[in-house]
Amino acid sequence: MSDIPRATGLTRVLRASRGRSYPRIIGLFRERSWLFYDTVLPLLGTIAFVYVYKALGAPDRFVGYVIMGGAAMGFWMNVMWSMAAQFYWDKQGGNLELYLVSPCGLVPILLGMSVGGFANTLMRTVAIVVVGAVLFHVTYVIHQLPVFVAVFAVGIIALYGLGITFASLFLLWGREAWHMANLLMEPVFLGTGFYFPVRALGFWVAIGTSIIPLTLALDALRQLLFPETHPALLPVRIELAILGGLAVLFAFTARLSLRKMEFLARREGRLSLRF
Amino acid sequence: MSTLAIETRDLVRTYRTRKSAQNPSGGTVVAVDGITLQIPRGELFGLLGPNGAGKTTAIKVLVTLLLPTSGSARVAGFDVARETQQIRERISMVSGGESSGYGLLTVREQLWMFSQFYGLPSRAALGRIDELLKVVGLFEERHRRVSALSSGMRQKMNLVRGLLPDPEILFLDEPTLGLDVGAARDVRAYIREWVRQRPGRTILLTTHYMHEAEELCDRVAIIHKGAVVVTDTPAALRHRAAGGSYFILTTSLLDGATWLGQVPGVQRIDARDGDGSTEVRLELADDGVIAGVVKALADRDRRILSLRKVEPSLEDVFVQIVGRRLEEADEAVGRRE
């Protein structure tokens, strides 16, 4: 058997991320039922809100808001259940110990989880947007495409940074991971304005809920898709700048919480033994 | 480069237990209690002890999953508390009964995924995966989903995972736990083969199977209640067992065997009457003394039904040191838990 040279540095980070993203991406094709559960079932919830607006005789643009919210919801659910809670499952399955002792460290593994989860969720998002267009005749005209792409990208980076922070916190909170993820579903759906323009909550409340990156990302994307009619919380470029700040903030807190989690895990044996 | 692969000095690891209604302030469990070990490079070293003896905790400190409470530990010359990255670059770990990985992946995919965490190039990693799968007899199952593997197959796959990065130091924590006889034999055979092929590589193996330690290890430390009670080669430990080798003699019923103890050279006898026969355990000054025992029995018209010489095992050493059999120690831990 010959020695195989191992990569270090950035090459290893990229390889490790690719390795960890693989189960998520291949799972999409291998477990078709996931596609059904992750796409069709949540779509039903979104459609329900569409009919609520239609029954109330709301303007058509509200259908567009709901479809956008439904599309974004997939990312939030992915961040909660497949990022924040993932280390908890990995601890139960014995993977976390192997991740910790591997030389690449946890960051590339979390990046891989993020990339895999993002790719997985993107399909659901596309499905919801397409269904919105076909069934409810929502037309999407993207104004300022580069800004749209930037808001989407920076929003996703901030969101997954938040997910990585939660991954450490959920692990430290141990058995409450399941409950924590549940706790952060409906209130976030409300607070971020998944189904309505977040401005409706009042300016300061909406500013408060903007700590969740989806709030500003959704508001900015809706402004760019429905520029004439959407009641903006803040101008798009300011929202983009704040999202950039949140991305940096959550990258920092993610790194800090990972270090803290690993230190406590080593000091107190939380990942190894349960008394 | 340090000549020692692993070195611990007075290593202690305690845990605080959770608070409960019975114990509102929590408590402290001493899992590792002052272990001092020196394991040179190239050695296959065994930590032998019952469940709950502290073997797994010791390994977790060495692989950087736990911090020592006090004392120190170095792996490949690096401090486990401060130089974790350097250690992680050089080690790998496989635990018995491990259910790591993702069931929807195939065996080959799963192993490839783990190889990426070590930065192995894909093509070379896949080549090594196939090579190792052939060696452990799992090549035909390479496209089978992990969720469909038996526990024996899964453990072989885990062993391949541990060997993939070709670590300087491999930690095997109960690698044959829960395996059937055939699978356990295959795993042991491959561990031996790996060490033979890779001189200079070190294995620290924990087990509570005596025969596994005897079969595999260059040296063994018997660990009990978190402390190392003796360290030596299996042969030297056997030699240390009280009386060295002994004889088991089965005769027609003796109705008392104390007179056998008066045969010159007989150091100790234990006799047990059974159904029409007596089994006598004899510890002798030397093997030649058995002739006098046989003659004494013949003089009293006692028929010898069987006679065999028994070399002491690590089990005997364990009994001598700990005061009970390994299985009994396991059961005691189980009752305590």
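These legends walk you through several close-up views of a predicted model.

Figure 1. Before zooming in, let's get to know one chain. Chain B is built with 11 helices and 14 strands. Its C-alpha trace spans about 75 × 55 × 45 Å along the principal axes. Of the 337 residues in chain B, 43% are buried. If you look at the contacts in chain B with a separation of 6 or more, 70% of them come from residues 24 or more positions apart.

**Figure 2. A look into the largest nonpolar core.** This core has 148 residues. Leu62(B), Val160(B), Phe171(B) and Leu204(B) are the ones with the most contacts inside it. Now turn to chain A: its helix α3 (residues 61-84) supplies the largest share of this core, 15 residues. Another core lies apart from this one and has 11 residues, including Val266(B), Ile269(B), Val280(B) and Leu282(B).

**Figure 3. Who are the contact partners of Phe171(B)?** Set aside its neighbours within four places in sequence, and you will find Phe171(B) in contact with Ile59(B), Leu62(B), Val63(B), Ile91(B), Met93(B) and Leu204(B).

**Figure 4. Where chain A meets chain B.** Here 35 residues of chain A are in contact with 35 residues of chain B. On the side of chain A that touches chain B, the elements giving two or more residues are α1 (9-30), α5 (95-101) and α12 of chain A. The most comes from α1(A), with 11 residues. Sorted by class, this side of chain A has 14 nonpolar, 10 polar and 11 charged residues.

**Figure 5. Two helices of chain B packed together.** Find helix α5 (residues 151-163) and helix α6 (residues 181-197) of chain B, whose axes are 10 Å apart. The two pack at an angle of about 15°. Angles under 35 degrees count as roughly parallel, so α5(B) is roughly parallel to α6(B). Their crossing is right-handed. From α5(B), the residues Gly152(B), Gln155(B), Lys156(B), Leu159(B) and Leu163(B) take part. They meet Ala183(B), Asp186(B), Val187(B), Tyr190(B) and Trp194(B) of α6(B). By class, this contact has six nonpolar, two polar and two charged residues.

**Figure 6. A glycine in helix α12 of chain A.** Gly244(A) sits in helix α12, which runs over residues 236-268 of chain A. Is this glycine buried, exposed or partly exposed? Gly244(A) counts as partly exposed, because 16 other C-beta atoms lie within 10 Å. Now look for Val151(A), which is 93 residues apart from Gly244(A) along the chain.

**Figure 7. Two residues of chain B with positive phi.** Start with Asp10(B), which belongs to strand β1 (residues 4-16) of chain B. Its phi is near 45°, a positive value in a residue other than glycine. Asp10(B) has 13 other C-beta atoms within 10 Å, so Asp10(B) is partly exposed. Next comes Lys225(B), in the loop between β9 (219-224) and β10 (227-232) of chain B. Lys225(B) is a residue other than glycine with a positive phi, near 50°. With 16 C-beta neighbours inside 10 Å, Lys225(B) is partly exposed.

Definitions and conventions
Residues are numbered from 1 along each chain as its sequence is written. Chains are lettered from A and ligands numbered from 1 in the order in which they are written. This is a predicted model: local features need pLDDT of at least 70, side-chain atom pairs count only at pLDDT 80 or more; totals for chains, interfaces and linings use all residues. A nonpolar core is a set of buried Ala, Val, Leu, Ile, Met, Phe, Trp, Tyr and Cys residues joined through C-beta atoms within 7 Å. A residue is buried if 20 or more other C-beta atoms lie within 10 Å of its own, exposed if 12 or fewer, and partly exposed in between; C-beta atoms are placed from the backbone. Helices (H or I, at least four residues) and strands (E, at least two) are DSSP runs, numbered from the N terminus. Two residues are in contact if their C-beta atoms, placed from the backbone, lie within 7 Å. Ala, Val, Leu, Ile, Met, Phe, Trp, Tyr, Cys and Pro count as nonpolar, Asp, Glu, Lys and Arg as charged, and the others, Gly among them, as polar. Axes are lines fitted to C-alpha atoms, for helices over the stretch in contact, and angles run from 0 to 180 degrees between N-to-C directions. Angles under 35 degrees count as roughly parallel, over 145 as roughly antiparallel, 65 to 115 as roughly perpendicular and the rest as oblique. A crossing is left-handed if the near helix is turned anticlockwise from the far one by less than a right angle, and right-handed if clockwise.
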